[in-house]
There are 4 protein chains.
Amino acid sequence: MTDPASTRDRILNAAEALFAERGLAGTAVRDIAAEAGLTAASLYNHFASKEALYEAVLERGVRPLLALLSQLAEGERLEGRVDVIDALMEHLARTPHLPRLVHHEAVTGGVRLARLARMWIRPLVNEALSVLKRQDAISQHWAQDEYPLLIAAWLHLLFGHFAMAPLLTEVFDEDALSRASLERQTRFLRKLSLLLLGRADEPGGSPT
Amino acid sequence: MTDPASTRDRILNAAEALFAERGLAGTAVRDIAAEAGLTAASLYNHFASKEALYEAVLERGVRPLLALLSQLAEGERLEGRVDVIDALMEHLARTPHLPRLVHHEAVTGGVRLARLARMWIRPLVNEALSVLKRQDAISQHWAQDEYPLLIAAWLHLLFGHFAMAPLLTEVFDEDALSRASLERQTRFLRKLSLLLLGRADEPGGSPT
Amino acid sequence: MTDPASTRDRILNAAEALFAERGLAGTAVRDIAAEAGLTAASLYNHFASKEALYEAVLERGVRPLLALLSQLAEGERLEGRVDVIDALMEHLARTPHLPRLVHHEAVTGGVRLARLARMWIRPLVNEALSVLKRQDAISQHWAQDEYPLLIAAWLHLLFGHFAMAPLLTEVFDEDALSRASLERQTRFLRKLSLLLLGRADEPGGSPT
Amino acid sequence: MTDPASTRDRILNAAEALFAERGLAGTAVRDIAAEAGLTAASLYNHFASKEALYEAVLERGVRPLLALLSQLAEGERLEGRVDVIDALMEHLARTPHLPRLVHHEAVTGGVRLARLARMWIRPLVNEALSVLKRQDAISQHWAQDEYPLLIAAWLHLLFGHFAMAPLLTEVFDEDALSRASLERQTRFLRKLSLLLLGRADEPGGSPT
DNA sequence: GATGAATGAGGATTCATTCAT
DNA sequence: AATGAATGAATCCTCATTCAT
């Protein structure tokens, strides 16, 4: 229980969990501080404001995620790229608060979202688009103006599982973040990705 | 005076928009009242509390949506069921705040979500499951324990587009709720549904 | 003790006294509210912010004072104008907080002061200047570029007595705001004004 | 490192400027420390408390001023004493924050003011009074019970110019602390002093 | 001497809610 | 129904001060 993490990191962890659960407005600075083992006043020795803390949380969470995502876009071809799905699922499983944070942002809109979208997500999407265009198989199923929808759909599926975990858990009576559940979702996504790319007949899991 | 909508409805409309945008905690009763052309004090002549108002908003929005969804599960077969997608998309387009409301709830968790999930959504999902099981074509692609994931995926795709509209708008530089965008998404979902059900070769749109 | 004044006025009175004594930064909204018989939260039903309250206090105090001062500048000649001194002294005696408020402002500088100075005080001073220039007697004693100093001096003497009342009271062991003290100061100012205008030999009080 | 002033003096200077501008309550220890190039924590290595610092500032500023003032009261006669005005104006010009500090104190009242008034200022005033009583010329214009008012007036004029410098600067569109402005004010005060003492006809400056 | 971090006490302001009118 | 005014409980944040390093 002796906390080895630096105070700053403890604050960031506490804030990440609470912001993800309750959103920015719904989270009290005092609660974050208490969770990190401090007074609210002390917290202000580490972050200038609630807003600044929120952005630090976003930054810390989003940066490695985007780094990982950019790997997907780097490859020339998509074949064998299903491993990226594994990597992403594993990463998200390790930071399960992040998708909810992003959802809060995405749903709310505002300047922060605009910055996030234009500076980080858009370039990624563009790169992903150019990769898609280089795939021949895909054009048999989808029109070019549907490529963006494909990307969006893929993100909905990937992030949705984590972000909506509380709902899924209630509905399916099984912890959506459990190892078993995540592995099943991973396999499912792999198959579905191949299906979307028009390679449903390739290996990746036949019906049980 | 010239406003034909009842005061109660005006409040509900205002509340729906603001709750969807800012969440429950982030929305001030005063702001809702002001948006509806009242004082906060007056609002309490129509709703007992902020909580009660929130639940009324949820109720008003979710009930017809669930009614519509239950139609999907009613049918014996899925063939021709793509029209349900049209109906749903049209319904959601008319109440674009609803998916964001649901997302706020789904992400947050808590008692309200549990109630919503167990009382309303679970029966729907179960019915949908039993329908899926009656489809032969589907079993060529998916294992039985993947059926719930199929349903979840389908909901992610359908709701995600609306809930994440602010983000999509920023990223793709096109209003995700515009008529054109919605029609494209509808076509896309139709094709994708058929693909998921193993009927990608059927009509529904070949690559442009 | 049943307070007939409107709540708003009671707040303004309490604020005037406290701001005058402790300055803007040194006064707690809670103290003002308490003095007016309210909670701090209630005070915000009447004024949007501490700043707004402060400006309302200034406005309420300064406006009638400037109206009175402008009478001085209206007259063609200064003869017999000593009655203006009486009027001003009486007015200030009735609102003894005002000069201290103005001093706080004058000493502090800032945007509010700039506005006060340019919009209200400067026109008054200019009018006073033009009156001075029409007096013949004055030019025997003072050069034209000393006229502004004369006006400033006159204001220092008039306001100083009230603003520094706490100090004067301590030093001279006599309440500087007592009737006797104020009457003596009035007589003194009358004589001194005549002296400044080069009419020391006219009536207005010979050495006891 | 290259700063020749001792840390203690740098703190005193910073504090003097800020206290003069914002008053005791309006000034944050952190701001003083920052202005002096320290942390607030470090400042406490030099002064025991904010109060102690404030008193040290007051002490450092007031002591030499009072020493200078006491020279005025020492002399037997007032003739030729106009040089004291020069000395005072020069002194104040070198520490332009001081009059504002004193004004803050004078306007606010309280224990510190009482001590200042009774221990330092009152003896000075008494001495000044006894000097005035020894002047013959003065009794032609002023009654004995007006002597204190004369002294007070003289102080209002002298200190007022510095204390109200921000206001004067705004109103007259000329820096009240500029060399030209101060020289003009010095000449003015000299003439006015002679006038008050009943020697307007003596040298000291005829109308330009 | 200097500093980063911690903190209790406050301080301005918001908020949901109530109530008399 | 509508509202102005009132309020206790928060909420974000600042401040003077302390202490270990």
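How many salt bridges does the rule find across the interface of chain A and chain B? The rule finds seven, a salt bridge being a side-chain nitrogen of Lys or Arg within 4 Å of a carboxyl oxygen of Asp or Glu. One of the pairings joins Glu170(A) to Arg118(B), with the closest N and O atoms 2.9 Å apart.

The model is predicted, so local features need pLDDT of at least 70 and side-chain atom pairs count only at pLDDT 80 or more, while totals for chains, interfaces and linings use all residues. Residues are numbered from 1 along each chain as its sequence is written, chains are lettered from A and ligands numbered from 1 in the order in which they are written, and side-chain values use heavy atoms, with hydrogens and water left out.

Between chain A and chain B, 53 residues from chain A and 53 residues from chain B take part in the contact (heavy atoms within 4.5 Å). The buried area is about 5000 Å², and carbon and sulfur atoms give 71% of it; this is the accessible area (1.4 Å probe) that two parts lose on being put together, summed over both. Val107(A), His156(A) and Phe188(A) supply 14% of the area that chain A buries against chain B, more than any other three residues.

Polar contacts between chain A and chain B number 15 residue pairs, both residues at pLDDT 80 or more. Such a contact is a pair of N or O atoms within 3.5 Å; within protein, one must be able to donate a hydrogen and the other to accept it, and residues adjacent in sequence count only if both atoms are side-chain atoms. Elements giving two or more residues to chain A's side include helix 1 (7–26) and helix 10 (179–196) of chain A, these being DSSP runs (H or I, at least four residues) numbered from the N terminus. Helix 8 of chain A gives the most, with 10 residues.

Attention now turns to the DNA. Around DNA strand F there are 31 residues, of which Tyr44(A), Ser42(B), Asn45(C), His46(C) and Tyr44(D) come nearest; a residue is near a strand if one of its heavy atoms lies within 4 Å of it. Phosphate oxygens of DNA strand F lie 2.4 Å from a polar side-chain atom of Tyr44(A), 2.8 Å from a side-chain N or O atom of Ser42(C) and 2.8 Å from a backbone N or O atom of Val29(D).
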